[in-house]
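These are my notebook entries, written while I looked through the structure for the first time. I kept them in the order in which I looked things up.

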Amino acid sequence: MVNTADKQDKQELRPGVKAPAKETLLTPRFYTTDFDEMAKMDISVNEDELRAILEEFRADYNQKHFIRDEEFNQSWEHLDPETRRLFVEFLERSCTAEFSGFLLYKELGRRLKHSNPLLAECFTLMSRDEARHAGFLNKAMSDFNLSLDLGFLTKSRKYTFFKPKYIFYATYLSEKIGYWRYITIYRHLEKHPEHRIYPLFRFFENWCQDENRHGDFFDAIMQAQPYVITGLISRLWCRFFLLAVFATMYLNDVQRSGFYEALGLDAREYDQYVIQKTNQTAGRVFPTILDVENPNFFNRLEVCVKNNEKLSEIANSDAPRVVKFFRKLPHYVSNGWQFLNLYLQKAVDAQAKRGSLY
Ligand SMILES: [Fe+2]
Ligand SMILES: [Fe+2]
């Protein structure tokens, strides 16, 4: 018998292999960059720190961490269909994001091998970590009789091109936000083990240390390329990336609040905490960070949440396309207006607060 959850989950490429979720503005992205520009990078001003990070990567603290124990050997049929659907979606999104990191780092490791062996080895070792993370998540999906065809995903997804400078902002933030997301869930479930619906979360403590080290690597790269974190243009880009990353996560997670509820978490509180922490962390290297303490910040994101609810209501209605378009328009305009206001909101001068050179 196929239950409703199975029907919802199984938009399959082949039996047991899930078709990738539809790409939208809010789905995890795959990146590519200018490899020649990256290869020519002079990192000498911060080489000692980068060498120290490489030694940490070589130490491979999590070599034996991602091994499934007997707690995985049980049936998950008791999860109600909606929790199961949300959980599988969480696994898929996380696996895609980890895999996207793997692909980018692996390619960078390969292309920089001769021109910049130090960076190349760092990227290769980070791709090792991301492959473990993605593999562990994909194996978790198989507990729900599904898996992602990562080879198919590699070929079928669109790649977003970013120049190295933008790759640094985006990957630094995604590593640090990943760290705060995993550690926050881990600490919460440590206090409330009754909500630990699946053993995967037990692995998050050491796992998030990988992400933290990856983030530190990008921090060190940016310090080695001071042009990335100095001057007005860099400040504007840092603000843009902070806002893009925070808003995307908030809109995604609030939309999936049922998943966080299943873990005994409030999606909004969880996201607000993760955003505040990531913003503070970014203040160690970015010249400017966002004023997320200003109540306007989350109030405006809430307006976007409402707009998105309306937009999907309209999209799912039976109205003719042209009618749908005109009904959607004011919500798109409102979203644009909120983002513009958030972007122009007075930022925090992190560089001045640190009193550092960069
Ligand atoms: Fe990862
Ligand atoms: Fe990572």
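Before I turned to any open space I settled the term: on a 1 Å grid over the protein atoms alone, a pocket is an open set of points with protein on both sides within 12 Å along at least five of seven lines, a cavity is a set where a 1.4 Å probe fits but cannot get out, and lining residues have an atom within 4 Å of a point. Grid points are joined across faces, edges and corners, and a volume is the space filled by probe spheres set on the points.

I note that this is a predicted model, in which local features need pLDDT of at least 70, side-chain atom pairs count only at pLDDT 80 or more, and totals for chains, interfaces and linings use all residues. Residues are numbered from 1 along each chain as its sequence is written, chains are lettered from A and ligands numbered from 1 in the order in which they are written, and side-chain values use heavy atoms, with hydrogens and water left out.

**Entry: the second largest pocket**

I looked up the second largest pocket and found about 200 Å³ of space in it. Its lining comprises 13 residues, and those nearest its centre are Asn279, Gln280, Ile289, Val348 and Lys353. Helix H11 (267-282) and helix H14 (350-354) each give at least two residues to this lining; helices (H or I, at least four residues) and strands (E, at least two) are DSSP runs, numbered from the N terminus.

Which residues hold the iron ion (ligand 1)? I found Glu98 (OE), Glu130 (OE), His133 (ND1) and Glu211 (OE) as its protein donors, lying 1.9 to 2.2 Å from it. Donors here are N, O and S atoms within 2.8 Å of the metal (3.2 Å for Na, K and Ca), and since water is not among the atoms, sites may look incomplete. The four donor atoms subtend angles of 86 to 150° at this iron ion, so the arrangement is irregular. For that word I noted the cut-offs: four donors count as tetrahedral if all angles lie between 85 and 135 degrees, four count as square planar and six as octahedral if opposite donors are over 155 degrees apart and all others between 65 and 115, and anything else is irregular.

Along the sequence, the donor residues of the iron ion (ligand 1) follow the spacing E-x31-E-x2-H-x77-E. His133 sits in helix H5 (residues 117-142) and Glu211 in helix H8 (residues 204-224), so this pair ties together parts that are 78 residues apart in sequence. His133 counts as buried because its relative accessibility is 0%, and Glu211 is buried as well, with a relative accessible area of 3%. Buried means under 20% relative accessible area, exposed over 50%, and partly exposed in between (1.4 Å probe, protein chains only).

I then turned to the iron ion (ligand 2), which is coordinated at 2.0 to 2.6 Å by Glu130 (OE), Glu175 (OE), Glu175 (OE), Glu211 (OE) and His214 (ND1). Glu175 in helix H7 (residues 164-191) and His214 in helix H8 link distant parts of the chain, 39 residues apart. Glu175 is buried at 4% relative accessibility, and His214 is buried with a relative accessible area of 0%. The two iron ions lie 3.5 Å apart, and Glu130 bridges them.

I also looked at Trp207, which lies in helix H8 and is buried, with a relative accessible area of 0%. Trp207 and Glu130 are 77 residues apart in sequence, and their C-alpha atoms are 9.9 Å apart in space.

**Entry: the record**

An unreviewed UniProt entry places the feature "domain: Rubrerythrin diiron-binding" at residues 89-221. The span of residues 89-221 is 77% helix and 4% strand, and its end C-alpha atoms lie 33 Å apart.

**Entry: the cavity**

I found one cavity of 30 Å³ or more, and the largest cavity holds about 40 Å³ of space. Its lining includes Glu56, Asp60, Arg128 and Arg213, and helix H3 (47-59), H5 and H8 each supply at least two lining residues.

Asp60 is found in the loop between H3 and helix H4 (81-111). Asp60 has a positive phi of about 50° although it is not a glycine, and at 13% relative accessibility it counts as buried.

Conventions. UniProt positions renumbered as here; feature names shortened; annotations may be inferred.
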